[in-house]
Amino acid sequence: MEEHLKAAEIAFQRGDYPAALAMLSPLLDALRTAQPLLLTARALMELDMHGEAASAFERAAELEPSAANVLLGKAAACHLRAGEKDSAVALAIRVMKQDNRNVDAAFVLASVFSETGDMSIVDLVKNTLVISDEPEHLELAARLIGDDFRNQNNITLHAKLRRLRPDDQAIRFRLLDLARIYCDYDILDAENAALAEDIGQGREELLRWETPLSNLSWCGDGRLNRIPENVFGLEPAPPGQAERRRAFFAKTHHWGKRIRIGYLSSDFWPGHATMKLLSRVLQLHDRTAFDVTLFCHTPAEFVTPEAEAMRQSWGRIVPVGGLDDAATAQRIREHGIDILIDLKGHTGGGRSVVLNHMAAPVQAGWLGFPGSLSHVDCDYVIGDTSVLPESSRPQYHEKFCRLPDSYQPNDPVARPLPAPQTRAQWGLPEGRFIFASFNATKKITPETLALWASILRDVPSSILWLLCDHPLAQENILKRLAALGVTSDRVVFARRADYASHISRLALADLALDSFPYNGHTTTSEKLWAGLPVITKRGSNFASRVSESLLLAVGLVDLVADDEEGFRQLAIGLATDPARLAAIRDRLAAARATAPLFDAERFCRHLESAYRSMAGTARRGEPPTHFDVMPPSPTAVR
């Protein structure tokens, strides 16, 4: 009988499954062990006889009690493949009650109940699939949790999928996204090196699979920033689209006495970072000269009664969340909009594709996405001379509209003033120098963290205060810092806080360290408003030049270093020179009431001047051209 079993195994290995079954048949009753039954089940599966395979697994489970759950899980999966869903579910539930990590039973339940729409069952078992190495299980897991970047199991899942499908670029870039979010520097080191090799060998087209926003997290090259096109629904504007659009509106568009401005966004609610910057400017628009409409696709859960009261002060609100891109463009045309401003660009929830449907005579990108809206019919990008220097023109198809001071507005009315707080309230030690960064963890590249670590090593009494409340990201940051010679007792992780408390606690730090190549944007202006100096270094693209723009507009050009070593020396110098740092903080405190960065009315007049220039060019039938807005005399902050 042992010889028959060996012969059956040989037949199975060479793919002769009928012969294997013939040899196994007389052994099933003669040998009271699970081995021939297991081989029988495997052969039956290869012959797509899944119902019979299920029976073999169930009989094997009776003979191997210690492995019963594993075998019954496989039986449940076979019942499913045989189309016997009721039997599969009943058996899978029985197995999961004994072992909630059984991947086969989890696969059965996730498969069946995702089809019926009972997601409460699916939610209980979907993460178990990530334990498996079976492609079928991992593919299902990807469908169920792959879009949820808040689920840390995704990084394990995509690491497995990356090994399974090494040529799948979508998986490659999604793994990179996840590694940045959870600060998995081991994955980043390996994947960044491979990506650098690909680019070095001329395979830049691989970047098409990346999202434009993710690309900015690591790439400071404006030319490469234009390649990514992984944006939902994005169909590149056809050649000559802008010329056809202008010709169309030259015949059909009516220009009124007031300039009709349309803002397109999903962020029209007071708690979003964009509106913490823009709210006051919208309120200050001169309604005798400008008609303001907000084309809103903000998620309903953010439009509370309290939010609605604020929203009404921003302009006329036209909901477009239920419309597709073409219908949204039609709705914008129905309102006769002269200048459409896309406030989102290629960011989450953005709908830049609307601009490819000839929505308005003049179309511009501003504020949400720090770069060119590649593949989008956009006339202008609104920036300033810091973020859009002359040298960057070849990296844009848009014409430059450069505002004086800074491209970023700020709201000095709704934004709370910092209130007195103590370090003890936030778990910070007294008598230690505190470097802070409240930038998103995905901006903390391996190079950025190494730069910060070199500063911490040279200022041995210092503490690094980071906004990071996810345990896995915290663990990975501490692990990498330890490898860089910085012990865990020198790091304090900040939790999330309400906005007023957040602004107040920023003032407790001594000096803020910027991230590269993606600077702090709203976070930098919040720190400056709170009175916390921020140091940065000169960047090479829009996203890496934002902090420089903000520091110039607040009168602190001396906090902009020329390069990485200059940044390091600036941080060390300020940390070891209390008098110099105190003088900078005094200048910053005074700037809150005097600096252009926090002068919303001044900014609004600049923006309106830009709109007049855009409208004037279009009314004359001329194509867009680069232009700079000249500043008027300063006003007091209102």
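Predicted model: local features only at pLDDT ≥ 70, side-chain atom pairs only at ≥ 80, totals over all residues.
The buried residues are V103, D104, A105, A106, F107, V108, L109, A110, S111, V112 and F113. The elements that cover them include α6 (68-81) and α7 (85-98), together with α9 (119-125) and α10 (135-145). Both ends of the helix carry a further feature. Just after the helix, G117 takes a positive phi of about 90°.

Another glycine, G15, is found in the loop that links α1 (2-13) and α2 (17-24). Its relative accessibility is 35%, so G15 counts as partly exposed. The C-alpha atom of G15 is separated by 8.8 Å from that of A43, although the two residues are 28 residues apart along the chain.

The sheet is open and is formed by eight strands in the order β3-β2-β1-β4-β5-β6-β7-β14, with parallel pairing. The edges are taken by β3 (316-319) and β14 (627-628); each has a single partner strand, so one side of each is left without a neighbour in the sheet. In general, strands of a sheet pair through backbone hydrogen bonds, either parallel or antiparallel. Within this sheet, β4 and β5 run parallel and are joined by four bridges. Across this pair, I341 stands opposite A364 in β5.

Most residues other than glycine have a negative phi, and most peptide bonds are trans. M358, in the loop between β4 (339-342) and β5 (362-365), has a positive phi near 55°. L367 lies in the loop between β5 and β6 (380-384), and its phi is also positive, near 80°. With a relative accessibility of 13%, L367 counts as buried because the value falls under 20%. P517 is placed in the loop between β11 (511-513) and α23 (522-530).

The structure holds zero disulfides. For C378, the closest cysteine sulfur is that of C401, at 11 Å, which is too far for a bond because a disulfide requires sulfur atoms within 2.5 Å. C604 is likewise in no disulfide, and its nearest cysteine sulfur, again that of C401, is 13 Å away. Both of these cysteines are buried: C378 has a relative accessibility of 5%, and C604 has a relative accessibility of 0%.

Terms used:
Residues numbered from 1 in each chain as written. Heavy atoms only, no water. Buried < 20%, exposed > 50% of the residue type's maximum accessible area, 1.4 Å probe, protein only. Helix = DSSP H or I, 4+ residues; strand = E, 2+ residues; numbered from the N terminus. Contact = heavy atoms within 4.5 Å. Pairing = 2+ DSSP bridges.
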